[in-house]
Amino acid sequence: MQHSIRLSPTTEGAFFVTSINRPAISGFHPDPTLCRAGTRYFLANSSFEYFPGAPIFASDDALAWDQIGNVLTRRTQFARGDGRPSGGIFGSTLRYHDGTFWFITTNMSDFGAGHLVVHTDDPRGPWSEPVFISGAIGIDPDIAWDDGGTCYLTWCGFGPTPQQSGIVQARVNLEEGILLEPPYRVWQGTGLAYPEGPHLYQRDSYWYLLLAEGGTERGHTVTIARCTSPAGPFVPCPANPILTHRSLPGAVQNVGHADLLEREDGSWVAAYLGVRIQGSSPGFHVIGRETFVCAIDWSDDWPVFVEGGVTIPTVDHSFSDDFVGDLDPRWISPSGDPASIARSPLDGGLELMSSIDGGDGSLLCTRVRDLSWSASVTVDAAGGGVRMVVRIDDRHWYGVEVRDGRVRAMGRVGDLTQEFAERDIHSPRTVLRISTVVPVNAGELGGNVGPDDIVLGFDGADGFVELARLDGRYISTEVAGGFTGRMIGLGALTTHARVLSFSYKDSTESESPDPHDVR
């Protein structure tokens, strides 16, 4: 279902905001950045502590996207560093210039190294070893070239002096990672908190500097300024902010951190992040900041966001995996390395080789893509203990596990870890299940409910056995904090454990979804 309110800037500079409920790339895919190469479009996202990092997508129309891999697939490209939750890969810029794809980002877990730059001829990879720009300390780097081939680096600086802090810029030699001049401050936005996420564009006679302001929460906005020079001075748009949902009704909130793109036919689109909130006040978002795409009109040489101006296709995210062959790029790990966590034997299935008793870096994870979903994992119970979890981070998760002939429902919120229920099993194969359902008292007048309930259980001899039904608000960003979203994780409880298959079902379009039917 889509819903939009279409209004336009007025002569007084007031603005109206439109809303669309369907993301172009759902689930934990924030800070979108996109580019065009001929007739094809490519988009990458932040990924924070998860490795491989920076998922990358391809499209024929900039509306329907398919993942083609991850940009940072080697630890030489993405140092683990301190490995903390919501560290790792922050806001980035993806560009295509003179036949080469360039990707620049910041690894906050290796912050002192400066921005890292990789390039390739094929966005599917492999991407080059990184070059580090050590003289540019901060986040959210952007790169843009003028007609003479000079590259401008613009970023949110955390420098030791005022001239190196805020939104700063310098000409740069990307190949060698060398700034060609001292950084200088450019437009600092409209005065809202946390100006960041700069992107610089040239269109006709103007250079445009696009920013995110207000923080990535409910006050998030997109603002813009322009000049005839890439270095400024920039003149702000009289209709700023040109995109925000702050203090407006609607299921999609926190919109901002945008990137603009001219399509092959001359039309323009924008990709930006937003969240879908559920439950009672303050509203909870659980699957992370997602990528939305809308049309861009131009009025008096200023961009106007037209949410609802394009049709975003419906996508069924259901999949099954028997782990034959190489791991799909959807499988990643928080601070760990999937190659050291799991291997696929020749006869199929997945051998988990590293116990999560040693930390969440030994989890193999995939993103939750839907507000309503169910997942199952079939475990060789004779092959060691396995836990399946739905998590925000290592301190906020619910899970169900099998070990030593027992199935248990477990959870952790903050410093409290609790076992909710357990049962004996007598089968060599066990199917563990996690699903989301509507809260029992949803819709009650004055009711205080979370975004969903999470059901933990397994398949017993006589059908599904529910072990626990838990409030989903504790596995939300509003409770856990940070910048990620819900993930489904698989981990071994013993040195070696065997998973036979995994299944994920998107229940969004179902009228009355059966939370346990993922066959």
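Trainee: How do the residues of the lining of the largest cavity divide into nonpolar, polar and charged?

Mentor: Keeping in mind that this is a predicted model, the lining of the largest cavity divides into one nonpolar, four polar and four charged residues. The residues in question are E49, R75, F78, R80, G83, R84, G88, S109 and S335, and the space they line has a volume of about 30 Å³. The count comes to one cavity of 30 Å³ or more.

Trainee: What is the volume of the second largest pocket, and which residues lie nearest its centre?

Mentor: About 610 Å³ of space lies in the second largest pocket. Its lining comprises 19 residues, and R95, Y96, L200, Y201 and Q202 are the ones that lie nearest the centre. By class, this lining has 12 nonpolar, two polar and five charged residues.

Trainee: Which strands each supply at least two residues of that lining?

Mentor: For the second largest pocket, at least two lining residues come from each of β1 (33–37), β6 (93–97), β10 (138–145), β15 (196–203) and β20 (252–262).

Trainee: β6 also belongs to a sheet, so to speak of its surroundings, what is the order of the strands in the open sheet of four strands?

Mentor: As a general idea, strands of a sheet pair through backbone hydrogen bonds, either parallel or antiparallel. Here the open sheet has the order β6-β7-β8-β9, and its pairing is antiparallel. The edge strands are β6 and β9 (131–133), each of which pairs on one side only, and the twist from one strand to the next averages 25 degrees.

Trainee: Turning to another strand, how many residues of β35 are buried?

Mentor: The general idea to carry into such a reading is that in a regular strand the side chains alternate between the two faces of the sheet. In the present case, strand β35 (residues 453–460) is mostly covered, with six of its eight residues buried.

Trainee: In which sense does β35 pair with β34, and how many bridges join β35 to β36?

Mentor: With strand β34 (residues 429–437), β35 pairs in the antiparallel sense over six bridges, and one of the pairs places I454 of β35 as the bridge partner of T436. Strand β36 (residues 463–471) also runs antiparallel to β35, and eight bridges join these two strands; there, D471 in β36 is the bridge partner of D453. β35 and β36 form a hairpin, with two residues between them.

Trainee: Which residues have the most contacts inside the largest nonpolar core?

Mentor: They are M388, L432, L456 and F502, within a core of 43 residues.

Trainee: How far apart are F323 and Y206 in sequence and in space?

Mentor: F323 and Y206 are 117 residues apart in sequence, and in space they are 51 Å apart, taken from C-alpha to C-alpha.

Definitions and conventions: Residues numbered from 1 in each chain as written. Predicted model: local features only at pLDDT ≥ 70, side-chain atom pairs only at ≥ 80, totals over all residues. Heavy atoms only, no water. 1 Å grid on protein atoms, 1.4 Å probe; cavity = no way out; pocket = protein on both sides within 12 Å on 5 of 7 lines; lining within 4 Å. Points joined across faces, edges and corners; volume = space filled by probe spheres on them. Nonpolar A, V, L, I, M, F, W, Y, C, P; charged D, E, K, R; others polar. Buried < 20%, exposed > 50% of the residue type's maximum accessible area, 1.4 Å probe, protein only. Pairing = 2+ DSSP bridges. Axes fitted to C-alpha atoms, helices over the stretch in contact; angles between N-to-C directions. Core = buried A, V, L, I, M, F, W, Y, C linked by side-chain atoms within 4.5 Å.
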